[in-house]
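Let's take a friendly tour of how the inside of this protein is put together.

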Amino acid sequence: MPEPAADSDARPAPDALLADAQAERRGKLKVFLGAAPGVGKTYAMLEAAHAARRDGIDAVVGVVETHGRRETLDKLAGLEILPRRLHAYRGRELDEMDIDAVLARRPALVLIDELAHTNAPGSRHPKRYQDVDEVLAAGIDVYATLNIQHLESLNDVVAQITRIRVRETLPDSVLERADQIELVDLTPEDLLKRLKEGKVYLGDQATRAVRHYFSPGNLTALRELALRQAAARVDDQMVHYMRAHAISGPWPAGERLMVAVSPSPSSQRLVRAAARIAERLHARWFAVYVETLAHERLSEAARDQIADTLRLAEQLGAEALTVSGADPAEALVAAANERNVTRMVVGQSRQSRFEEWLRGSLVSRLLRRAGPIEVHVLPDLEAVAKAKVEAAARTEPVAKASFDPKPFLWSTLLVAAVTGAAQLAAMVSSNSVVSLFYIAAVMASALSFGRWPSLFTALASTLAYNFFFMPPLYEFTVADPANIMALFVFLGVAVFLSGLAARLRLLAEAARRRAADAAALYSFARKLAGVTALDDLLWAIAYQLASMLKARVVLLLPDETGRLDIRAGYPPDDTLSEAERAAAQWCWDQGRPAGRGADTLPGPSGCSCR
């Protein structure tokens, strides 16, 4: 089947290309993944090694644990086995893989069994996967084996399933960095049969294993975990390939869900609904907030609402993202295509019909741009309830929103000044030149005050132009029908330019803000380059954070007993309340946030501990 072509106007993702370039300098890691001991991971790895040798690849055995299994011992025949290094420990000699022997022999491929194994005390690395990382960094390919219960993120899940806590674990990132994953699968019935035949454990050990660990229910659950992990890794590899080759998605090989988050209080209900949909589909899902130009005008409460919603999504299993873009629909579709999303969940628009006619609806723009992505629009129940309440209370007076009259007064004065200048210009030029004065006034108002004052300026300019410069003069009438069209064209151009100039003003403000942030980070990097003492480093960090966050920042470090002490702060202050100290200590001990914006100890003076 021919490979889909990359979009002609798309470019490969830089981070994907960088990852590929870095991987070229390292060896390739292939992991033989199994649901439980005895499924045949080591045997499959040895078979692959024999196949590699037949293809002329220099393959050797770094370490293979046979556990006395005859089939595995027979499969080792014909492979070069590197000698192991002995370590004396408590009166015993423990043999481990000799990493120096591997690096000195420098084969093209080395076999390293039991990736999660803990090395003997005195070894170069405490864990075997760290040995593997050093071998890969030397440019040597590695075949390794791993059981699903050794992944750190699944440790609690496996303990809940089997009632046995696995002590040897490794970070999930080890499996995520694997170039290939081969799932070695065996049905629970076949594995139990192998166990009873003594092909997994010997003697009484097999009987105990059946009684405590190898029950059909446990094996079925572990098998599902292994299948899901393998599928998730394959899905990540597919997305990486699409990004590296600038292939626009989605490829519907598996379900991926994305929910759009906004400052609306109904966003949390939207996130919960997306979590239920993702659970039914067994799909990976994302919660995305688009930071537009209007983000800076949001209140503190609205920003807290967004943060709470994204935090809720993470608690429900989503990957929370914040992307920037002028058009929310375009940014959402771009984020969805980049992550191979197949379904998108959005809330019903709260815009009025006039606002949808004037600015367009997010839902309609999404439907036009989404292409093969399914868009699920969920009703806004809060808006429906609010509409019912408003309909029932229409006879009650409605409080008018306060506004600042100063921009409108300045715009009126600007129109008056421009009219005076235009009167002088009309003595030596035509009305077409005079109209440019009013266009300039509209642009100036939009750049100085924003959208609504500029629209007011456009309307006032149109009336002034009609009153002072279109015959009959000093009347709000138009004698020549041709001038009616000219007047409407002038009004349309003025309104269009007012919107365009207001948008340029927002873009300029955003660019100015980004430039200030970049300058602050550059200044911070220069400070760090000249820091040699820890106290200077901590002070520089506290100062930079306080300057960027516009907040008081205090840095604490633990002493020998684990108690946190203040090491730096800005503004300079060495006092914390007992409640703030308690929140900070809990945050350090538990490795979780506390204080403002967190679920634990949210009260102490609005402090936030990370």
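## The largest core

The largest nonpolar core has 35 residues, and those with the most contacts inside it are Leu29, Val110, Leu115, Val142, Leu146, Ile148 and Leu170. A core here is a set of buried Ala, Val, Leu, Ile, Met, Phe, Trp, Tyr and Cys residues joined through side-chain atoms within 4.5 Å. Elements that each supply at least two of its residues include strand E1 (29-34), strand E7 (141-147) and helix H5 (128-137). H5 gives the most, with four residues.

This is a predicted model, in which local features need pLDDT of at least 70, side-chain atom pairs count only at pLDDT 80 or more, and totals for chains, interfaces and linings use all residues. Residues are numbered from 1 along each chain as its sequence is written, and side-chain values use heavy atoms, leaving out hydrogens and water.

## Around Leu146

Leaving aside residues up to four places away in sequence, Leu146 touches, among others, Val31, Leu33, Leu115 and Leu170. Contact means heavy atoms within 4.5 Å. Apart from this core lies another, of 24 residues, including Ala44 and Phe214.

## Strand E1

Six of the six residues of E1 are buried, meaning under 20% relative accessible area with a 1.4 Å probe, protein chains only. Leu29, Val31 and Leu33 point one way, while Lys30, Phe32 and Gly34 point the other. Strands are DSSP E runs of at least two residues, and helices H or I runs of at least four, numbered from the N terminus.

Pairing requires at least two DSSP bridges between the strands. Gly34 stands opposite Asn147 in E7 and opposite Val184 in E8.

Conventions:
Buried means under 20% relative accessible area, exposed over 50%, partly exposed in between (1.4 Å probe, protein chains only).
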